Amino acid sequence: MELKTKINAENGAHDLFITREFDLPLELLFKAFTEPELVEQWMGTKVLKLEGKKHGSWQFETTDAKGNVVFKANGTIHEFSPNQKITRTFEMENAPFGVQLELLEFEKLTDDTSKINMHIVYESAALRDQMLQLPFAQGINMAHNRLQQIVSKLK
Amino acid sequence: MNLRRDVFQAIADPTRRAILLLVASQSMTAGVIAANFDTARPTVSKHLQILTECELLKQEQNGREIYYHINAKKMKDVADFIEPFRKMWDDRFNALENIMKNYKTK
C-alpha cells in the first residue's frame, strides 16, 4: 500500500511537520477533525470532550479490552477557523513529555481533494525525540485493530 | 526461534506499551508497576520478563528492591524511530479518508 503521509523532522529541532493529501473535499476533511463521533472512529480513542471553538477544550481517553485506561490526553483550542485552521495544545496525562502546540492548516487542492499541514512544536528537541522514540507512539491508537475492522466493514 | 526477544513483537502488545509508558516517567518496582494494572500480578511479571529479555527494560538492584527502568539506548535502536510515528499517522489518515468517503455517500 502506498504511504501518503509525510513527516519532516529535522535533527535537533524541537518541532516537526506532518503533511497528507486526501481524496476528500476540504469540508469533509475538516469535519473529520471536529465531529466527536468521527474523531473517535479514526483516532481510535474515546472523545470525552471536544469543543470546536476559540477558548474551547478537548479530552480523549483510550481503554483496553479490560477497561484499563491506557491513554489519556487533553488540551485547549486557541484558534478555530472552519475549513482553514485549528491551533490547539496537546498534553498526554501521566506522561513526562510536557505540552505540545499543534497548528493544523487545512487546504483546498481541488473540489474533491484537500490537504492537511500539521506543525507540532514540543518543549524541547529532547522531548520531541523521546516522544518519537517511544514505541507506544506507534500504539497510541490502542483500538487500532478494532478500527481497521470498522473501516473494512465500511468499504 | 525466540519471538519473545524480538523488540517489535514486544511492543506490539498494548499492556507492554502501557508498562513502557509508565516506567518512562520513573523507575519502579514490579509491585508498583503491577498495582497500576488490573491484570493479575503473574501476567504483569511475564510482561516485565519479556521487556527485560529484549532489553527495553533494565533491572537495577536498589537495596532489597529491584527497580525497572527504561533502556533509552535500546529504545533508540528501535529506530528508524520516526517510521512508526509516521506509520501511525498514515494509518489514522487512511482510516479518516475511508470513513469520510463513506460519510459523503450517506
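This briefing describes a sheet in chain A and the aromatic rings of chains A and B. The model is predicted. Chain A holds an open sheet of eight strands with antiparallel pairing, and nine aromatic pairs are counted over all chains.

**The sheet of chain A**

- The strands of the open sheet follow the order 1-2-8-7-6-5-4-3.
- Strand 1 (6-8) and strand 3 (46-50) of chain A are the edge strands, each pairing on one side only.
- On average, neighbouring strands of this sheet are turned by 20° against each other, direction ignored.
- Three bridges join strand 1 to strand 2 (residues 15-22) of chain A in the antiparallel sense, and Lys6(A) stands opposite Thr19(A) in strand 2.
- Helix 2 (residues 36-43) of chain A packs on the sheet, where it touches strand 3 and strand 4 (57-63) of chain A.

**Aromatic pairs**

- Phe33(A) and Phe106(A) form an edge-to-face pair, with 5.2 Å centre to centre and 75° between the planes.
- This pair links helix 1 (residues 26-34) and strand 7 (residues 99-108) of chain A, its members being 73 residues apart.
- Trp42(A) and Phe93(B) form a tilted pair, at 6.0 Å centre to centre and 35° between the planes.
- This second pair crosses between chains, from helix 2 of chain A to helix 6 (residues 82-105) of chain B.
- Trp42(A) counts as buried because its relative accessibility is 3%, and Phe93(B) is buried at 0%.
- Ring pairs link a cluster that includes Phe33(A), Trp42(A), Phe106(A) and Phe93(B).

**Charges over rings**

- Arg20(A) lies over the face of Phe22(A), 5.0 Å from the ring centre.
- In chain B, the charged end of Arg92(B) sits over the ring of Trp89(B), 4.5 Å from its centre.

Note on methods. Residues numbered from 1 in each chain as written. Chains lettered and ligands numbered in written order. Predicted model: local features only at pLDDT ≥ 70, side-chain atom pairs only at ≥ 80, totals over all residues. Heavy atoms only, no water. Pairing = 2+ DSSP bridges. Helix = DSSP H or I, 4+ residues; strand = E, 2+ residues; numbered from the N terminus. Axes fitted to C-alpha atoms, helices over the stretch in contact; angles between N-to-C directions. Contact = heavy atoms within 4.5 Å. Phe/Tyr/Trp six-rings, centres within 6.5 Å; stacked < 30°, edge-to-face > 60°. Buried < 20%, exposed > 50% of the residue type's maximum accessible area, 1.4 Å probe, protein only. Lys NZ or Arg CZ within 6 Å of the ring centre and 35° of its normal.
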